[in-house]
Amino acid sequence: MSKNLFYKAALALSLICLMVTLGMIFEDNISSAGPFFVTFLIALSISFRGIPALKGLAFTVFILGVSATALYYPVLFTSVNGFELALLITPLVQLIMFGTGSSMGYKDFVELYKSPKSVIVGVLAQFIIMPLLGFLLAKATDFPPEISAGIILLGCAPTSVTASLFAYLAKANVALAITVTSLTTLLAPLLIPLLMKLFADGFIEIDVLGMMWGMIKMVLLPIAAGLLFNKLLSGRAKWLDASMPYVSMFGVALIVAIIMAAGRDSILNIGFTLLMVVLVHNLLGYLFGYLGARLCRLNERDCRTIAIATGMQNAGLVSGIAKVMGKIATVGLASAICGPIMGLTASVLASYWSGLAAKENSGNETVG
């Protein structure tokens, strides 16, 4: 079967499952619609891989399918033969960080030398705007203290490793996005515990030194191992280089599923409200990141890049921190919800800016 035919079959299956799901909902048989709805999302994500304009949304829709599966069948992601799957979160985050380190090199910091002002603005925007927004949103809502602390923790996180992808799709400054992501990730073990002590200490007790050591083991050591791997073996283990992005995506999907299953009761009770709070946090991050860059008189490409880098948080790392804290089902909820939302909003924003860039280029060619 050719790839195109496979993608078309997946699209047909998704449409069939959608119709069955809607039929069951209209017949007030929602509980039985679960398998069809999950299949609809998974098949739709596969079909998007075959549509160039929607390919960027494929992983986001897949995460939605994984989330739905975890909510309908939480037992699949809680334990296997007595082994608690939550124990996998920390090693999965370490594996993702190793993959980040193995792909890092001089090129990841080139913008620090070429355009230090843009890099500094991007790093400061991430660690000032997002924690403040998280704190204000946590104070404005009436969530239990640990869930409020999770919103703040999400705001304290470094830039998502996927920010450079969406910067590329938005025709923004990819090199700047990579540099900001790398620097915020390396600074995270020092700054996150301090920011949490400042903003979240009123919600839960924060052990600054304990959190720092936990993050050093979860972030800096795996990245260092990845850098060493990149230095010694890069290009010699091509199969590993090619597989790391897929391993990272699988790791993120499994982390989201485990958290969703662990926090299922809380999500069903406050899920929509928490979803709205995380969405507002994400959108305001884009807005204030862009405005902050404009105030600093950066060029348009850099402003768009910093907007994306600011609004996109490393939700997987937040989940790992929540696991280290022993509060995966509460502190980790905001990060689990953030993943699909962030992917969707970043895709829409990137598509919009990409369209603007195409029009601007067309206009310049016409004038020329």
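Me: Which residues is Thr185 in contact with, leaving aside its neighbours within four places in sequence?
Reply: Thr185 is in contact with Met97, Pro158, Thr159, Val219 and Ile223, with those neighbours left aside; contact means heavy atoms within 4.5 Å. This is a predicted model, where local features need pLDDT of at least 70, side-chain atom pairs count only at pLDDT 80 or more, and totals for chains, interfaces and linings use all residues. Residues are numbered from 1 along each chain as its sequence is written, and side-chain values use heavy atoms, with hydrogens and water left out.

Me: Where is Thr185, and is it buried or exposed?
Reply: Thr185 is in helix 9 (residues 174–200). Helices are DSSP runs of H or I with at least four residues, strands are E runs of at least two, and both are numbered from the N terminus. Thr185 counts as buried because its relative accessibility is 2%. The classes are buried under 20% relative accessible area, exposed over 50% and partly exposed in between, with a 1.4 Å probe and protein chains only.

Me: Switching to helix 1. Which of its residues are buried?
Reply: Tyr7, Ala10, Ser14, Cys17, Thr21 and Met24. Helix 2 (34–48) is included in what covers them.

Me: Why would they be spaced like that?
Reply: An α-helix has 3.6 residues a turn, so residues three or four places apart point the same way.

Me: What does Ser14 touch?
Reply: Phe40, Ala43 and Leu44, not counting residues up to four places away in sequence. Ser14 has 0% relative accessibility, so it counts as buried.

Me: New topic. How many residues of helix 14 are buried?
Reply: Eight of the ten in helix 14 (residues 315–324). They are Ala315, Gly316, Leu317, Val318, Ser319, Gly320, Ile321 and Ala322.

Me: At what angle does helix 4 pack on helix 14?
Reply: Helix 4 (residues 89–102) packs against helix 14 at about 145 degrees, with the axes 9 Å apart. Axes are lines fitted to C-alpha atoms, for helices over the stretch in contact, and angles run from 0 to 180 degrees between N-to-C directions.

Me: Which residues meet there?
Reply: From helix 4, Ile89, Thr90 and Val93; from helix 14, Gly316, Leu317, Ser319, Gly320, Lys323 and Val324. The contact has four nonpolar, four polar and one charged residue. Ala, Val, Leu, Ile, Met, Phe, Trp, Tyr, Cys and Pro count as nonpolar, Asp, Glu, Lys and Arg as charged, and the others, Gly among them, as polar.
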